[in-house]
Amino acid sequence: MNKRSLKREEKQTILLFLSLPLLLLLIFGLLPIATLIYNSFTDWDGLSVEKNVIGFKNYLTIWQDPVYFQAFTTNLFYLGSGLLQIVIALVLAILLSTKTYGKNIFKAVIVFPIMISGVATSLIFRLFFEPDGSFDQLLHFLHLSKFIRFWLGDPAVANYTLAFISLWRHLGTSFLLYFAAIQGLPQVYQQAASLEGANLWQQTRYIILPNIRTVLKLNFILLTIGAVSAFEIPLIMTNGANGTATFLVQTMKVAFDQKLVGLGSSLAVLMSLIIIALSLIQQRFQKEDN
């Protein structure tokens, strides 16, 4: 058997092994995306067998009606929660990277929430923040009854409550990223700095932060994407009521509650484009660091 026929057989073997994964990717990956994009140019209600192509009318409706973009203001609460999460997780990672008494217990407490599903977390906090629930009882016990609110029913505080739950739920993820990055730094840097008399703040400013900036940028982009696509917590906790509907929750309601699947598909396409743009920015940061 000559070399040329051997290469042909190798190509046929590779093609044979790839054919099934490629077919599955086409059916379950690319075809739904293509269908979503097509639906965004129709007036389909999700029930009728007819789909009338209406061009860019759905996109013009979104552009001309500010109510669809107002949901992004709700996403800003989750973005603020994400920024606070970066700061708290970074401080905790730095402190627990030093010789701290009982740090394994603290690490377990911080990481524990990410092992609970989002649905379970939402149900737990729904009971916790319900009127006269555990949180209200705690405020009564601390003689702080005057601060009791309808934590999930008052539009003035509901988004803050949900943003706090999101912070509690995802803090462990950011902590693990920072802690692993700090543990990966050569110990000789900090040992030399300690010998020179540098305190923890100086070591953080001149050694830790410059060496983990890639992780900081990556985590910021991931949190931004998470803020844009916040869904399960507002859906389960309030079903998007009382001004808590994020862009994704609103998209679902437009598509299925209002039976405007075509318009909902347009909203989903726009959100996908935003997430793709953020991912491209993330890749650009990584290339600059490399």
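At 8% relative accessibility, Gln 203 counts as buried (under 20% relative accessible area; exposed is over 50% and partly exposed in between, with a 1.4 Å probe and protein chains only). The model is predicted, so local features need pLDDT of at least 70 and side-chain atom pairs count only at pLDDT 80 or more, while totals for chains, interfaces and linings use all residues. Residues are numbered from 1 along each chain as its sequence is written, and side-chain values use heavy atoms, leaving out hydrogens and water.

**Gln 203**
- Gln 203 belongs to helix α9, residues 200-211 (helices are DSSP runs of H or I, at least four residues, and strands are runs of E, at least two, numbered from the N terminus).
- Beyond residues up to four places away in sequence, Gln 203 touches Gln 190, Ala 193, Ser 194, Ala 198 and Ile 208 (contact means heavy atoms within 4.5 Å).

**Ile 148**
- Ile 148 is located in the loop between α6 (134-141) and α7 (158-183).
- With 24% relative accessibility, Ile 148 counts as partly exposed.
- Apart from neighbours within four places in sequence, Ile 148 is in contact with Asp 136, Leu 139 and His 140.
- A distance of 8.8 Å separates the C-alpha atoms of Ile 148 and Phe 135, which are 13 residues apart along the chain.

**Annotated regions**
- An unreviewed UniProt entry annotates "transmembrane region" at residues 12-38, 76-96, 108-128, 220-240 and 260-281 (positions use the numbering used here, feature names are shortened, and annotations may be inferred rather than shown by experiment).
- Residues 12-38 are 100% helix and 0% strand, with end C-alpha atoms 35 Å apart.
- Residues 76-96 are 100% helix and 0% strand, with end C-alpha atoms 30 Å apart.
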